[in-house]
Amino acid sequence: MDRVKLISSGRMVPAETHEALLENEFVLSIENFSLWYGSKQVLHQISMGIPSGKVTALIGPSGCGKSTLLRSVNRMNDLVESVDVEGEMELRGESIYNSSINVIELRKRMGMVFQKPNPFPMSIFENVVYPLRIDGESHKGRLMEACERALREAALWDEVKDRLSESGLKLSGGQQQRLCIARAIVSSPEILLLDEPCSALDPIATGKVEDLIERLKGEYSILIVTHNMQQASRISDYTAFLYLGHLLEYGPTSTIFTRPRLRETEDYITGRFG
Amino acid sequence: MKRPSVRNNVTASSDAMIWVSGGFFVVSCTLLFLFIGHIAYHSLHAHWPRRVAVFEKTDGTLLAGEIHGYHGESLPHHEQSISLRTGYNRNSTQSISTMEMETVTAIPPVYPENVIAVELRESEPMFGLITQVAQLQHSLQTNVAIARVFLSEIESAEAKGIVAKKDRNAFEEILPSALASMIEQADEPIEIPMERWDEAIADFEQIVEHNQHLIRLKQMELSGIDKQLSASRKQGIRYAVSRNQSFVNTIDEIFRVAFELGAAEQAIYDVEASARFWRDQFQSDDTISKSIDESTDRIKALLKQQRDQLETELNTLVKQDSWVSPSDSQKTTNEAREFLSELAKTAKSAYSQQLRVNTDLAELDIVRNAFRIELTLLDCETIAPTHSDRTNYADSDVKVGIVSTRVGQSLEFLWRSGSTQGATEFALAKKQILCSDVIRYYFPNKLGWLGKLQLYSERWIEFLAGSPRRNGLAGGVFPAIWGTVVMTILMSIMVMPFGVMAAIYMREYAQHSMMLSIVRVTVHNLAGVPSIVYGVFGLAFFSYLIGGFIDGGPQKVGLEPLPILSWIILSSATMISILWLAYRTLKPQSKFLKPSFVAANRFFSFGLLVTALVGSFLVVAKVPFFEGLYYDELPNPTFGKGCLLWASFTMALLTLPIVIVTTEEALSSVPASLKEGSYACGATKWQTIRRLVLPYARPGIITGMILSVARGAGEVAPLMLVGVIPLASDLPLDTEYPYLHGSRSFMHLGYHIYSLGLQNPDINAARPMVYATIVLLMLIVFVLNSGAIWLRSKINRQMKTQQF
């Protein structure tokens, strides 16, 4: 537990990044990224690359900063007052925190799904095409086409194709979450950010969403935050373990879950602490 | 097996609070229903026709009227009384009189079948019996009017000393007596025989209706001429602005002389007509005819002389030099002369046209006043009994009540008393009414249910669609309904964008700061400020300051205009700071800036903001090029008084805090997760607000609108300061260009209730109208509210369904 003690006493510890990761091409690379809420530092010099076309899971005990890290990727933290950042993030080589970047355009290149399903109070169709609408697309045919594609990819098409004009709020929880995923992928984002997408769902709905993530793998680069170890091991290709704002270990999921290099990782995975 | 009811188990049978709370509930509901029931009863009763009872009093007089209630039925006889609506009453200003039961001899009263109730345009209704229907010979009367002109011209010439009275020729000598006999003949009415009364009244109604239509047309023509005159006067004054005061005086002089000239020309025309008439009268008599021609020539010569004099005066006015300033070139002076002579020509023709229309109107008036009905009134408190031979009426089977007898062609009504042995008769008071004053008549004691219902609905229709009569005591309240609706709609149109946008800024854009909290608390408090305060502010700020500014420019409201150069400098400075501010706000800013830079930035922005605000105020308030839009109407204010526009502004200001508060609450109810979802899709703030926040908050925003509308429809205090009047002749929104008349005063239902109920000397007469107006106002507010609630629930159904 020496690393835990070091971190608790405010020291930096180097991250254990597996060499297997280096084979990949990164869609997103994070360099020495730190973040403060007011005077409280929540992320400590995190450096990691998110492989393209793979599923990367962020795991860690509550409050370790995994959601904050995810929200930093599409600069959702800007909405919170008194946030300061340091370090660098690059989306396909383009700096995210450059002062000249257009945040709105940046967010359009990413899709995000939240913990609780948050369909908009409008029809299913309008929910799905919302990102296109705000982009100025109003051609009914193109919208319909995009809507159908996104809903098929989100495995929701067969369930809702006859009631696209009904309110999105009428769907069940699992369907709502898949609707949100459809909304997130309708504009073909470069990276899909999932913030504990199954935590508010029942096991059956969770299974469906997990199947969906499996199917989306390859086509989209996915960064998923989860507190569910089994889920991480089931669906992700790579796993990063965060602890109190520090990245401790990052490697292929199979290695992390079978032969973790750090004892802390093993303890967390086996449930001995966290 | 039947399951035991779960409900029974949870009923708090042993809980004492059920009685306490239930008791409070019952009392509250009772009070509310009492309130609604009271108003509903009185208003529904208001227009219902009642029977007319005739009472004989112990002092030997009669009193007729609609019984409005018996008082003190449980008390001893001498303390009981009756409320009686006597209608038109020469002795009292009160329409409902209270009569001691002791003073009445016959209870129950008599309900004579032939009593007629006549509702009149400008007085209380009359209850009586028709004794005569007559028609004046209006063609004779018109002739008298034409004939009279000659005599009056002669007399006025004599009065001026132009002609001596002793010089009258043969015709002039006999003229007064001829005219007098003509007048006598014309004043003799043609009585309609009794058998043809019904028919005749129907005919009269038709003639009078047609006549009134013609009168309306003529009046419209007159108002058209008035408008034309005032327009050309305005044109003159506008032209005069570039010149001096003496030019304005000249214009006024021209109008005065033009009027006199028109009158003189009309007089010549009238005298010619009069002379023609007299010549026709004395066709056979050669000497008289000759003297008619002689005196016509004399009078015409006099009148023509007068006219020529006036014409010269007019020409001198146009040609005079008093208004010519040395700086004027010959060309501009000639132009001004041209303009003045044009003006004189228009004014002259307009005035003579006006006089002609007035003559026509006088003729129509003669026709209008020619058709009469004579009523025998049944309130004869001042009539002494005349004991006449009772044997005349021995054949009548009436024991107590009215007996009739024919006197010549007409009817005479007398009262047979029940108090004395045998029969005593009374002569009853008579009253002539003009057919044109009659709104409607009916036989109240003969009306069946159907007839009553018809009359009832007729009265309601008049109430809803008609204009007020008798200062609002009768007739309709349509102008008040219309004024209320127009004002409320205008108010909503003004308050909604301001309130919603302000709330959006406060909730969505503004950063949390001390300043924002202070503003928010202030706005919340303003929602509770007494409305009269807004009224006073509206009068002072909108009416007098802004209205005065619009009417007469900066000078009118006591602001010295800036010199042109400094105004230009100030306006460019203001413009620059506004543009700079806009640029600073709109240019993309990084969130991560140095604190010192941010502070300096803020200080600088604040300076710019102050410059922009103060500058725009000064630039507008002290503009040197603005003389006011209605300076030609001054000193009569156009917008510088209470009017529809300022009333709507004041009400908008009054309801603005309500709208802001409710909208802010509605906006804050939008879940953060929705907004985040939208931002994550790459939506901008405004896109999120427009596509998500506003639709989601719509029910709450509509609630704010309902509240403001209900307030606008029901508020009285501020409105009476800023433009509501008890009786308005014009509607604020009509078919006349420019359709919406922001500068007109208007009527309002709430104020109508106040002015009828409290500003009226005869509250009893006003009571039915007050209740009917109250129920109407309540209905309007109910309809508005329930419509909005329905809309809200419909939107709610669309928006929200079960979440999981």
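1. Helix 3 of chain B and helix 4 of chain B are roughly antiparallel to each other, a label used for angles over 145 degrees. This is a predicted model, in which local features need pLDDT of at least 70, side-chain atom pairs count only at pLDDT 80 or more, and totals for chains, interfaces and linings use all residues. Residues are numbered from 1 along each chain as its sequence is written, with chains lettered from A and ligands numbered from 1 in the order in which they are written.

2. The axes of helix 3 (residues 138-160) of chain B and helix 4 (residues 170-187) of chain B cross at roughly 155° and come within 10 Å. Here axes are lines fitted to C-alpha atoms over the stretch in contact, with angles from 0 to 180 degrees between N-to-C directions; helices are DSSP runs (H or I, at least four residues), numbered from the N terminus.

3. Turning to the interface, 22 residues of chain A are in contact with 22 residues of chain B. On the chain A side, the elements giving two or more residues are helix 3 (103-108), helix 4 (124-134) and helix 7 (173-185) of chain A.

4. On confidence, the predictor gives the complex an ipTM of 0.93 and a pTM of 0.81. Chain B averages a pLDDT (the predictor's confidence in each residue, from 0 to 100) of 83, and 89% of the residues score at least 70.

Technical notes:
Parallel < 35°, antiparallel > 145°, perpendicular 65-115°, else oblique. Contact = placed C-beta atoms within 7 Å.
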